[in-house]
Amino acid sequence: MLTIKDLKVSINEKEIISGLSLEIKAGEVHAIMGPNGTGKSTLAWAIAGNEMYNVTGGSITYNGRNLLEMPPEERACDGIFLGFQYPVEIPGVSMANFMRTAINEQRKYRGLDPISSQEFLSRMEENRKLLGIDSKLANRSVNEGFSGGEKKKSEIFQMAMIEPTLAILDETDSGLDIDALKVVANGVNKLRSGKNAIIVITHYQRLLEYIIPDVVHVLYKGRIVKTGGRELALELEQKGYEWLKN
Amino acid sequence: MDDLSLKYHLKDKLIALFEKHRDDLFRNDTSLISSLRERAFERFKVLGFPHTKLEQWRQTDLTGTLSHDYEQHFRPSVPPAGGLKYFECEVPDFDTILVSVLNGWFISPDNKPLTRLPDGTVIGSLAQAMLEYPRIVEEHWGNDDHSRATGLDALNTAFAQDGVFIYVPDDAVIPNTIQMVNMINLDRKLFIQNRNLIILGKNSHLTLVQCDDSLNHEVNFTNTVTEVFLGENSSFDHYKLQNINDHSTILNTTHFHLNDGSRMNTNAIILNGGLIRNDVYVNIKGEGCDANVYGLYLVDKDQHVDNQIYVDHVSPHSKSYQLFKGILDDQAKAVFNGHILVHRGAQKTNAYQSNKNILLTDKATVNAKPWLEIYADDVKCSHGAAVGQLDPNALFYIRSRGLSEENARMLLMYAFAAEVINKITIEALKITIDDLVKKRLRGELSVCDQCVLNCRNKENTVSFKIDMSKI
């Protein structure tokens with residue numbers, strides 16, 4: 001589904017990702033771990049298409065298409081979803097309106113008619129309950145005045161509404177208490193199927209107890225320095241990252 | 001003739017007109033109003049039109065406006081053959097009492113210059129009110145000692161013959177909204193000087209929607225003065241919609257006078273206009289008052305909008321809040337001057353002010369000047385002004401959900417404007433204004449938008465170069 005080859009990304013002429021390669025197949029969950037400042041979020045931004053990040057080398061291929069030639073909205077319409085580490089507040093735009101517009105834009109891209117009101121509302125309701133979100137959410141402005149935990153739930157809610165093919169969750173677990181973490185993991189697991197893939201970016205093994213990864217990568221200084229199964233996450237939890245730095 | 005007199009040719013013309021039309025001008029006056037007129041005329045002769053050497057007019061140059069050859073009418077316009085149909089409001093579920101003003105003159109559907117409601121409220125023509133309620137008019141008209149009054153104020157006092165008069169007696173609560181539609185429609189260049197007088201008795205309530213529209217495509221120049229008196233514990237909700245053609249100028253001066261415990265909201269939604277300037281004076285002379293002054297302006301091309309807000313806290317324990325937001329495209333220009341003056345005795349005052357702008361091009365400009373003058377030591381005051389572009393992080397966030405860059409920009413602009421729109425408490429009006437703002441941002445609104453004349457000579461529609469047809 002996603003093939004990254006020798007990717008190099010810089011921001012303000014400072015190289016953050018220095019030759020990263022990664023292969024993700026449909027049905028897989030990959031966890032990307034690593035200390036702060038090693039380029040985990042930069043990788044997420046680069047896949048989602050943030051223009052502030054400058055791809056200076058390598059390639060990203062998604063379902064056979066050159067992702068780097070596509071603007072972010074086209075990547076989204078093609079099924080890529082980024083759950084932000086710091087979701088943006090959009091005062092004045094209700095979540096219902098935002099989601100309906102997003103879903104319909106994506107449907108239009110795929111040549112589908114707009115979603116019916118009934119289907120949209122029942123999907124809202126279902127996902128709202130799944131994530132234990134207050135019923136007032138639909139009319140509240142996107143993320144406005146949300147607590148850290150609510151914002152993260154809102155990201156997973158949006159993911160559940162949009163039903164992406166490839167979801168990248170950038171530190172969705174940070175700022176969540178254990179109950180919220182379980183709820184969020186539950187939402188993510190619901191998306192898992194043989195057709196979808198998920199990239200989970202996290203510092204901690206804790207989230208991976210609930211979202212069981214197929215592959216774990218350790219990112220350090222813009223490169224993947226180790227790849228393993230879920231036991232690698234446990235090993236990191238015990239030993240820290242120091243032993244990998246050499 | 002030197003440059004200056006050329007520039008202010010209109011001043012000399014007006015001075016000559018005043019002398020020539022004395023009989024018409026003074027015909028409804030009481031003796032007090034006549035003497036005020038004379039005094040104001042003398043003051044105008046000295047002050048003339050404001051010019052850019054005056055501090056409060058540095059950013060707004062009237063030279064272009066004053067260079068036209070206007071007509072000023074001393075008799076009412078004849079109402080159009082089709083009756084008052086085009087004054088009718090298209091807002092659904094919005095039950096209003098319609099007050100129509102054509103080219104500055106009050107017009108009524110049934111030739112009733114004054115309407116009296118069962119609770120004693122009087123609504124109608126100011127000229128007629130001078131005849132029937134001279135004492136009430138004089139008592140409030142006489143209030144011309146505005147220390148910062150400009151030549152425009154004086155000019156209006158000298159020339160204004162008609163406008164809208166609303167008197168709400170003590171304890172009366174007008175359940176319906178009064179909608180005042182100021183329409184300009186004549187294929188001449190008109191100079192309109194009308195005056196409105198609104199008086200709220202103790203414990204009374206009034207909601208007024210004031211629409212400034214132009215139906216013609218001519219160069220018009222409107223100089224309006226509105227006086228609003230709020231009795232003890234009264235409340236006044238005021239909405240002002242300004243949508244005039246690109247060639248026209250509106251100079252609107254509004255004086256609010258607040259007595260103990262009174263509360264006011266005024267919200268100016270500026271959608272289109274060549275040059276629009278609103279001078280709002282809020283004189284909080286009572287204790288325990290609450291004054292909110294809001295505004296939203298969406299301007300493009302060579303449009304110019306100037307909001308000058310002066311809030312005077314004379315007495316203690318009152319609150320005031322100013323919130324103005326603007327979106328500017330092309331080479332449009334906006335000016336905001338928000339003055340908060342807290343007098344020595346006005347302890348426990350809470351006064352806040354915020355002006356935020358989004359500039360869509362390098363050529364659009366904003367001059368924002370917050371100005372706090374505080375002579376009391378136990379007050380809470382703050383101000384903030386911001387000028388910026390659309391937030392790139394927010395743009396990316398929205399695009400990452402599948403919306404195009406254009407739609408993302410549109411959504412953010414709308415969201416920016418919504419803070420002011422959400423202050424509208426009448427749901428039906430809020431929905432309509434919301435729609436007008438969206439249309440404006442999409443470039444679908446012209447001054448012809450609600451016009452039934454269907455002339456072919458449509459304005460070029462304005463455009464923010466963004467298509468939000470999917471939102």
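With a relative accessible area of 24%, B:Tyr321 is partly exposed; buried means under 20%, exposed over 50%, and partly exposed in between (1.4 Å probe, protein chains only). This is a predicted model, where local features need pLDDT of at least 70, side-chain atom pairs count only at pLDDT 80 or more, and totals for chains, interfaces and linings use all residues. Residues are numbered from 1 along each chain as its sequence is written, chains are lettered from A and ligands numbered from 1 in the order in which they are written, and side-chain values use heavy atoms, leaving out hydrogens and water.

Let's look at the rings. Over all chains, a search of the whole structure finds 20 aromatic pairs. Rings of Phe, Tyr and Trp (its six-membered ring) pair if their centres lie within 6.5 Å; planes under 30 degrees apart are stacked, over 60 edge-to-face, and the rest tilted. Here are two of the pairs:

| Pair | Centre to centre | Angle of planes | Type |
|---|---|---|---|
| B:Tyr281 and B:Tyr310 | 4.8 Å | 15° | stacked |
| B:Tyr294 and B:Tyr321 | 6.0 Å | 80° | edge-to-face |

B:Tyr294 counts as buried because its relative accessibility is 8%. B:Tyr281 is buried at 9% relative accessibility, and B:Tyr310 is buried at 3%.

Now for a group of rings: A:Trp45, A:Tyr53, A:Phe84, A:Phe98, B:Phe396 and B:Tyr397 form one aromatic cluster. B:Arg401 lies over the face of B:Tyr397, 4.7 Å from the ring centre. Likewise, the charged end of B:Lys369 sits over the ring of B:Trp371, 5.0 Å from its centre. A charge sits over a ring if NZ of Lys or CZ of Arg is within 6 Å of the ring centre and within 35 degrees of the ring normal.
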